[in-house]
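Please read the points below with the structure open beside you, and locate each side chain before moving on to the next point.

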Amino acid sequence: MATSSTTNDTAQPDWTGDKLLSRAVNWMIASKPIFGVMKAAAKAVMKRASRRAGMDWDAHAQQMQQTAELQLQQLCQEFSQQPHPGLQYPSYYTVPFHAYGEGNLCWQAAYEVEPATCAVALRAFKAEGLTAQQAMQKQRGAINSHIQAYHARHGLRAPSSILDIGCSTGISSCWYQAAWPDADITGLDLSPYFLAVAELEEQRRVAADPSSKRIKFVRGLAEATGYDDASWDMVVFSFIAHECPQAALAAFVKEARRIVKRGGVVCFVDMDPRSEALQSLPPVLFTLAKSTEPWSDEYYSFDLEEALRQAGFQCVESTQPDRRNRTVFGIAA
């Protein structure tokens, strides 16, 4: 469980919500000239963190583009037809975020997911001097350990089917596969660009280890997955909640309650509003962070634990796998 040394009784940081500091930051972000500068600065901060830890952000993106562009374009076209060609993007998904004008609907965002994910992991262990790979191993290993510990505390068997919602380019799905190698794992995301990268990397992973179980990737909506009622042992929302407004978050919880089996588990992995590390961010960093996360105010003020309880999940708990993030659990009754 989270400890007093890393969490705060305050429900959300002062730089979020309707607080005066938050409104001042939002006013600056609303100014297009200022926003443009902030957006570039936010990415520059992450690039420097990755570079110091041994990962060349730009070189990684360029290599992916140069070595697999045609294959990725074909895969993207295939995913664009799922679950049907007329799938409509929710309005919250089409706004600029993560310093990309097209959000997740562009190749640049897809090419840069891995170094960006490493930069996020490095932030969680900033004082430890880890390499990018070491930080990823420590963060994702801790998340899996917390999921396993929750199952153990409540006498639940290991999941044999896992739906990774918001799987992005498949990084989280691969970590779940490593922890539960016998489970049937599906990664669901809305971006055909991200899914193309996920599928290509999965083909490479299976080619290197033919005995491993294959991860399936599909395109779909987190709030309307299309799966049957009570069809999954565990549903995980991997770092997507902070990217969405409260109406979408409520819909995610409702959909999870529908598709998780009785006695199955829902888990949200995301930033922890009560984290001292987030609440004590210096003004420059929290201003840059907000400039690339248009729905952060809504996320930080959303009571996820209460939403799970209201939806009918039992044994709702939050734990803290690292100093910035949380895992929020519930069991379908």
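1. Glu317 has a relative accessible area of 16% and is therefore buried, a value that, like every other one in this note, comes from a predicted model. Its partner in a salt bridge is Arg153, with the closest N and O atoms 2.8 Å apart. Because Glu317 belongs to strand E6 and Arg153 to helix H6 (residues 132-153), this pair ties together parts that are 164 residues apart in sequence. Arg153 itself counts as partly exposed, at 42% relative accessibility.

2. A salt bridge also joins Arg274 and Glu305, at 3.8 Å from N to O. Arg274 sits in the loop between strand E5 (260-271) and helix H10 (276-279), whereas Glu305 is part of helix H13 (residues 304-311), so the two tie together parts that are 31 residues apart in sequence. Arg274 is partly exposed at 31%, while Glu305, at 10% relative accessibility, counts as buried.

3. Within helix H8, Arg204 and Glu201 are three residues apart, which means that about one helical turn separates them. They form a salt bridge whose closest N and O atoms are 3.5 Å apart. Glu199 also lies in helix H8 (residues 192-208) and is buried, at 11% relative accessibility; beyond its neighbours within four places in sequence, Glu199 is in contact with Leu75, Phe79, Arg214 and Phe217.

4. The salt bridges number 14 in total, and Arg157, Asp233 and Lys261 are linked in a network of them.

5. On the surface, a patch of positive charge gathers Arg48, Arg51, Arg52, Lys126 and Arg323. Arg323 is located in the loop between strand E6 (313-319) and strand E7 (325-332), and at 31% relative accessibility Arg323 counts as partly exposed.

Definitions and conventions:
Residues numbered from 1 in each chain as written. Predicted model: local features only at pLDDT ≥ 70, side-chain atom pairs only at ≥ 80, totals over all residues. Heavy atoms only, no water. Patch = residues over 30% accessible without salt bridge, like charges linked within 9 Å, V, L, I, M, F, W, Y side chains within 5 Å. Areas by Shrake-Rupley, 256 points an atom, 1.4 Å probe, with all protein chains shown as cover. Salt bridge = Lys/Arg side-chain N within 4 Å of Asp/Glu carboxyl O. Lys, Arg positive; Asp, Glu negative; His and termini not counted. Charge placed at Lys NZ, Arg CZ, Asp CG, Glu CD. Helix = DSSP H or I, 4+ residues; strand = E, 2+ residues; numbered from the N terminus. Buried < 20%, exposed > 50% of the residue type's maximum accessible area, 1.4 Å probe, protein only. Contact = heavy atoms within 4.5 Å.
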